Amino acid sequence: MTRKRNKPITIILTLLSLLWTGCAVGPDYIPPKTPTDLGQWQQPSEKGLLVSQADISEWWQVFEDPHLNELVNRGLSGNLDLDIARSRVREARAKRGIETAARFPALTATGSAAKVKEGDQPTTELYAADFDAAWELDIFGRVSRRIEASTADMQASIEALRGVQVSLVAEIALNYVEVCSFQNRIRVAEANVEAQRETLQVVTDRFDLQLANSLEVEQAKSNLASSRSQLPPLKSGLQRAMNRLAVLTGEKPGVLNDYFHEASPMPVVPPEIAIGIPADLIRRRPDIRRAERKLAAQSERVGIAIADLYPRFTFNGTLQFSAANASSLFDSMSRLLNIGPAFQWNIFNAGSVRNNIKVQSERQNQALIEYEQAILQALEDVENAMVTYARELDRRESLKRAAAAARKSANLAESLYKDGLRDFIYVLDAQRALFAAEDRLAVSSAEVTANLIRLYKALGGGWKPEHKEI
């Protein structure tokens with residue numbers, strides 16, 4: 001008799017021991033190996049690009065521009081896309097909490113009170129209270145795998161947040177450079193308009209002295225009007241850039257108009273820039289880190305699918321109370337206790353479980369390919385950014401020389417015209433060439449800074465590993 005009474009307890013203890021010593025079925029996640037050929041960039045180091053350890057978590061500080069620093073800080077605190085990404089992290093964290101709850105027993109309670117009258121019988125009262133408990137014993141790792149998968153999903157959402165931050169900081173800096181560029185181009189255009197207005201006055205004075213003809217006057221007017229026509233589209237572009245910058249910082253369009261009331265100088269590119277080595281991208285680029293976490297989550301889902309081949313063991317308990325009056329509801333004679341283990345096993349499912357394993361395995365393979373593709377894309381982005389930055393520096397130097405020569409040519413043409421040694425057409429051509437050269441130089445100067453910003457973005461700069469995301 002004693003052995004029979006102890007037998008259920010023995011079964012329960014055995015199942016509990018399996019809970020703690022059970023092994024998770026399916027493959028354990030192993031991070032993909034880092035390629036061994038990522039020690040050097042394909043693009044040779046030049047133009048101040050140094051292959052050395054680089055801290056680019058706050059790369060915008062290298063420009064030493066207080067206006068840019070302030071705009072970045074405003075964007076990091078007010079941008080709505082960043083708020084959405086933070087919300088998604090909180091959502092993923094809550095989902096992980098749901099999965100983690102499966103480690104613990106679930107307890108529910110119900111109660112009822114009723115009056116029952118049957119035919120001519122006197123009315124009776126019935127009171128009841130039920131307490132149900134269920135606990136899945138994680139013998140084959142289904143619960144732990146789900147928790148690990150949700151953990152990896154949460155970490156992937158954090159990397160997505162970091163990716164949004166990388167893009168946001170770069171977009172703010174690029175739009176700030178665009179604002180500075182339009183302001184610079186407007187300054188160049190206004191200076192040329194003023195110079196051509198003075199030229200028109202000279203021609204008009206010479207016409208009054210019968211030293212110039214009406215054709216020269218009309219040519220000077222046409223040249224001045226043509227240069228003035230360049231200002232409206234430049235001012236329109238400036239307003240669009242300021243509006244975009246306001247939205248990026250979480251403000252309404254037009255809020256930053258007063259902020260840029262005075263022209264801001266173009267951020268100065270430092271002479272030397274540390275960019276690290278290709279292997280640093282795997283540790284730094286949020287899109288690569290996110291792809292690796294998605295791969296880890298999918299690997300756990302393969303294990304979840306394999307666990308469906310095995311039975312599910314649960315430990316259930318029910319405690320019921322029922323009585324004809326409330327005062328005796330919890331008396332020992334009103335109590336019914338039911339406790340013990342149970343299992344569920346899908347013995348036949350027409351191959352759906354094994355096909356689901358194949359589905360999850362193929363998704364794991366796809367996640368691995370996406371991870372490898374993310375690395376290749378990152379390398380391409382950086383290599384392209386490096387060569388674009390270096391070549392634009394060369395172009396800017398050529399444009400500097402061209403603008404200087406055009407300026408000398410314009411001054412010389414105007415001097416010769418005043419002395420009567422050259423026709424007015426030379427002055428017009430020289431002024432048009434000067435305007436075009438100075439405008440191209442202003443655009444190129446902005447493009448050099450913008451290309452450096454794109455390089456920092458390609459390197460994955462703009463976030464701190466130790467920073468708490470939400």
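How many bridges join β5 to strand β6, and in which direction do the two strands run? Ten bridges join β5 to β6 (residues 335-344), and the two strands run antiparallel.

The model shown in these views is predicted, so that local features need pLDDT of at least 70 and side-chain atom pairs count only at pLDDT 80 or more, whereas totals for chains, interfaces and linings use all residues. Residues are numbered from 1 along each chain as its sequence is written, and side-chain values use heavy atoms, with hydrogens and water left out.

**View 1. The open four-stranded sheet.** The sheet is open and its four strands follow the order β2-β3-β5-β6, with antiparallel pairing. Strands are DSSP runs of E with at least two residues, helices are DSSP runs of H or I with at least four residues, and both are numbered from the N terminus; two strands pair if DSSP finds at least two bridges between them. The edge strands are β2 (106-116) and β6, each of which pairs on one side only. Direction ignored, neighbouring strands of this sheet are turned by 15 degrees against each other on average, where axes are lines fitted to C-alpha atoms, for helices over the stretch in contact, and angles run from 0 to 180 degrees between N-to-C directions.

**View 2. Bridge partners across the sheet.** Strand β3 (residues 124-137) is joined to β5 (residues 312-323) by eleven bridges, the two running antiparallel, and eleven bridges likewise join β2 to β3, which also run antiparallel. One row of residues can be followed from T110, which stands opposite D130 in β3, to Q320, the bridge partner of D130 in β5. Another row leads from A133, opposite G317 in β5, to I339 in β6, which G317 faces in turn. The bridge partner of L319 in β6 is L337. In a regular strand the side chains alternate between the two faces of the sheet.

**View 3. The loop between β5 and β6.** D331 is placed in the loop between β5 and β6. This residue counts as partly exposed because its relative accessibility is 39%; buried means under 20% relative accessible area, exposed over 50%, and partly exposed in between, with a 1.4 Å probe and protein chains only. Although D331 and F321 are ten residues apart in sequence, their C-alpha atoms are 8.2 Å apart in space.

View 4. Not counting residues up to four places away in sequence, W59 touches V169, A170, A173, I453, Y456, G461 and G462, where contact means heavy atoms within 4.5 Å. In soluble globular proteins, nonpolar side chains tend to be buried together.

**View 5. The packing of α2 against α3.** Two packed helices are described by the angle between their axes and the distance between the axes. Helices α2 and α3 (residues 80-100) pack at an angle of about 40 degrees, with their axes 6 Å apart, and they are therefore oblique to each other; angles under 35 degrees count as roughly parallel, over 145 as roughly antiparallel, 65 to 115 as roughly perpendicular and the rest as oblique. G75, L76 and G78 of α2 make the contact with L80, L82, D83 and R86 of α3. By class, this contact has three nonpolar, two polar and two charged residues, where Ala, Val, Leu, Ile, Met, Phe, Trp, Tyr, Cys and Pro count as nonpolar, Asp, Glu, Lys and Arg as charged, and the others, Gly among them, as polar.

**View 6. The packing of α5 against α10.** The axes of α5 and helix α10 (residues 424-458) come within 10 Å and cross at roughly 5 degrees, and the two helices are therefore roughly parallel to each other. On the α5 side the contact is made by E216, Q219, A220, N223 and S227, and on the α10 side by F424, I425, L428, Q431, R432 and F435. By class, this contact has five nonpolar, four polar and two charged residues.

**View 7. Two residues with positive phi.** E64 is not a glycine, yet has a positive phi of about 50 degrees, and is placed in the loop between β1 (49-50) and α2 (66-78). With 69% relative accessibility, E64 counts as exposed. Q210, also a residue other than glycine, has a positive phi near 60 degrees and lies in the loop between α4 and α5 (214-228). Q210 is exposed, its relative accessible area being 73%.
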